[in-house]
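Student: I would like to learn how to read pockets in a protein model. Can we work through a case together?

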Amino acid sequence: MSAADRFGRFARFWEALDAVPVEPDAEALYDVGSAEGRLRRSNLERYLERLGPSADTLLVAEAPGWRGMTNTGVPFTSMRELQPEYLVPPEPTAPWEASSRVVHAALEGWTGALPVAWAIFPHHPFAAPDRLTNRTPRPAEIRSGAPVALALLDTLGGAERVRVVAVGRKAQGALALAGIGAVALRHPAQGGARQFTEQLQALSR
C-alpha cells in the first residue's frame, strides 16, 4: 500500500515527519513502534483531517512541550482541552498546559475556519536525562523539521492561500531559518497571555 493510500492528502506531510532524525535528547512523538506513538499519530490524523480542508491560517510554534502536545499528539492541546473524538493517553505526564489553555481560550471567539497549528521542530526536545522538561531545539533540528512544516503548508494550499503565523519570536526565527516568512505573535507563556489573545483575535477573519 502506498503512502498516498494510507494517508490521503497528507501523505507528503507524514513522509516528511517520519524522515526527521531523532537525537538522544529528543522524543519522536509519532513513532508507530510504540503504543504512545500510535495514539498520538491517530489523534494528529484526526486533527488534520478535521481542520485541514478548510483552514487558511497555520499557527507555528517552536516545539512540543512535555505537558501538552507530547501527551495528546495534538498541537497546543493538553489533557484539559482534549475533545471526545480523540484517543485519551492512559498515563499522561501532566493534566494541563498553560499555553494550550490560552490558545484554546483565544480561539473560542474565532470567526471562520479554525487555524491548523504545528511545531517547526516536531519532536519533543528535553534536557537529558529528564523527559519531563523542555529545551530549545538546535538550529540543525529546526532545519530537519522545516520540510515537515513546508509539506503541511503545501497540503493546506500553499503560501498563496494560507497565512503563516508564528507563536513567539523563537518560532518566527525558526521559520526564517527554514525560509518561511511569518508574522509573530507574543508567546502566551510568561505573562504574554493577554497580548497573545488580543493579537490572535485580531487575525480572525
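**Reading the pockets**

Tutor: Start with the second largest pocket: its lining holds 12 nonpolar, 3 polar and 2 charged residues. Keep in mind that this is a predicted model.

Student: What shows where empty space is left?

Tutor: Rolling a probe the size of a water molecule over the atoms does that. In this model, the second largest pocket holds about 300 Å³ of space.

Student: Which residues lie nearest the centre of the second largest pocket?

Tutor: Tyr-47, Arg-50, His-104, Leu-107 and Leu-114 do, out of 17 lining residues.

Student: Which element gives the most to that lining, the one of the second largest pocket?

Tutor: That is α3, with 3 residues. Both α3 (35-51) and α5 supply at least two residues each.

Student: Now the largest pocket. How much space lies in it?

Tutor: About 690 Å³. Its lining counts 29 residues, and Glu-62, Ala-63, Ser-99, His-187 and Ala-189 are the closest to the centre.

Student: How do the residues of the largest pocket's lining divide into nonpolar, polar and charged?

Tutor: There are 13 nonpolar, 9 polar and 7 charged residues in the largest pocket's lining.

Terms used. Residues are numbered from 1 along each chain as its sequence is written. This is a predicted model: local features need pLDDT of at least 70, side-chain atom pairs count only at pLDDT 80 or more; totals for chains, interfaces and linings use all residues. Side-chain values use heavy atoms; hydrogens and water are left out. On a 1 Å grid over the protein atoms alone, a cavity is a set of points where a 1.4 Å probe fits but cannot get out, and a pocket is an open set with protein on both sides within 12 Å along at least five of seven lines; lining residues have an atom within 4 Å of a point. Grid points are joined across faces, edges and corners, and a volume is the space filled by probe spheres set on the points. Ala, Val, Leu, Ile, Met, Phe, Trp, Tyr, Cys and Pro count as nonpolar, Asp, Glu, Lys and Arg as charged, and the others, Gly among them, as polar. Helices (H or I, at least four residues) and strands (E, at least two) are DSSP runs, numbered from the N terminus.
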